Amino acid sequence: MYEDLKYWYLRDHKLFRTLSMSQIKQLCIIIGFKKAKKGEIIYFSTSDVPRIFLLKKGNIKIVSVDEDGNETIKDIIQKGDLFGELTLEADNQTNEYAKVLSDDVAICSFLMSDFEDLLLRNPSLALSYTKFVGLKMKCIRNSYSNLISKDAKTRLHQFLKDWAEKEGKIIGNKVVIENYLTQNDIAQIICTSRQTTTQLLNEMEANGTLIYGRKEISIADITKI
């Protein structure tokens, strides 16, 4: 059963579209498959066996930990995203981990050494992967730039707009987002305190901009935030 799941997961992913059916079947031999539940930690950057992960279902947060033990959410991983040692270099200076946000997730993973061999044997795949990683790094740099140049309110509004654009469902004039993040998660993403985030969300509720719930966030008019 898992072999069939691996095949369909890989075949449907845009990164592997240049590969033939037989090549994808060969990949199924070296790729790992795992299911995990909400709250489970599935990756540490300090692991002795570096891997590259492909998320097929659910949502995951990448949490960066500084020298003082302070945690910041570096990225939210969604269906189809890759994470792990994306630069194909084990970085012992980086301290981060991946934690499951949704009720359950499905993940495929490669040993970094196996993935490097795969790229060497498939130049077209290597080119696609290079473009993917370049775009990913650009998004992260833009995110850091926004954190430096904007205040907490603006950062929260931008985050909500981006989230709504990626995952929101339009219902009438509203946009509804399935909420799998706590207020503390949102605070970490926009690099502010939980108290500030709660205050800003309460202000938005008070002026009718949104309705915040544990299961969903309803935004009355996305153009007004």
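Ile 52 stands opposite Gly 84 in strand 6, in a predicted model whose strands (E, at least two residues) and helices (H or I, at least four residues) are DSSP runs numbered from the N terminus. Helix 3 (residues 112-121) packs on the sheet and touches strand 3 and strand 8 (104-111), contact being defined as heavy atoms within 4.5 Å. The direction of helix 3 makes about 65 degrees with that of strand 8; axes are lines fitted to C-alpha atoms, for helices over the stretch in contact, and angles run from 0 to 180 degrees between N-to-C directions. Strand 3 (residues 51-57) and strand 6 are joined by three bridges in the antiparallel sense, two strands being taken as paired if DSSP finds at least two bridges between them. The open sheet to which these strands belong comprises four strands in the order 1-8-3-6, with antiparallel pairing. Strand 1 (32-37) and strand 6 (82-84) form the edges, each pairing on one side only. From one strand to the next, the twist averages 35 degrees.

As in any sheet, strands pair through backbone hydrogen bonds, either parallel or antiparallel. A further open sheet of four strands has the order 9-10-12-11, and its pairing is antiparallel. Its edges are strand 9 (169-171) and strand 11 (210-212), each of which pairs on one side only. The twist in this sheet averages 20 degrees from one strand to the next. Strand 9 is joined to strand 10 (residues 174-178) by three bridges, and the two run antiparallel; Lys 169 stands opposite Val 176 in strand 10. Helix 5 (residues 152-167) packs on this sheet, touching strand 9, strand 10, strand 11 and strand 12 (216-219), and its direction makes about 85 degrees with that of strand 10.

In helix 2 (residues 21-30), the buried residues are Ile 24, Leu 27 and Cys 28, where buried denotes under 20% relative accessible area (1.4 Å probe, protein chains only). Viewed down the helix axis, these residues fall within an arc of 105 degrees, so they line one face of helix 2; the arc is that of the directions from the axis to the C-beta atoms.

Overall, the secondary structure comes to seven helices and twelve strands. Buried residues make up 44% of the 225 residues. Of the contacts with a separation of 6 or more, 70% are between residues 24 or more positions apart. The C-alpha atoms fill a box of roughly 55 × 45 × 30 Å along the principal axes.

Residues are numbered from 1 along each chain as its sequence is written, and side-chain values use heavy atoms, with hydrogens and water left out. Local features need pLDDT of at least 70 and side-chain atom pairs count only at pLDDT 80 or more, whereas totals for chains, interfaces and linings use all residues.

How values were computed
Buried < 20%, exposed > 50% of the residue type's maximum accessible area, 1.4 Å probe, protein only.
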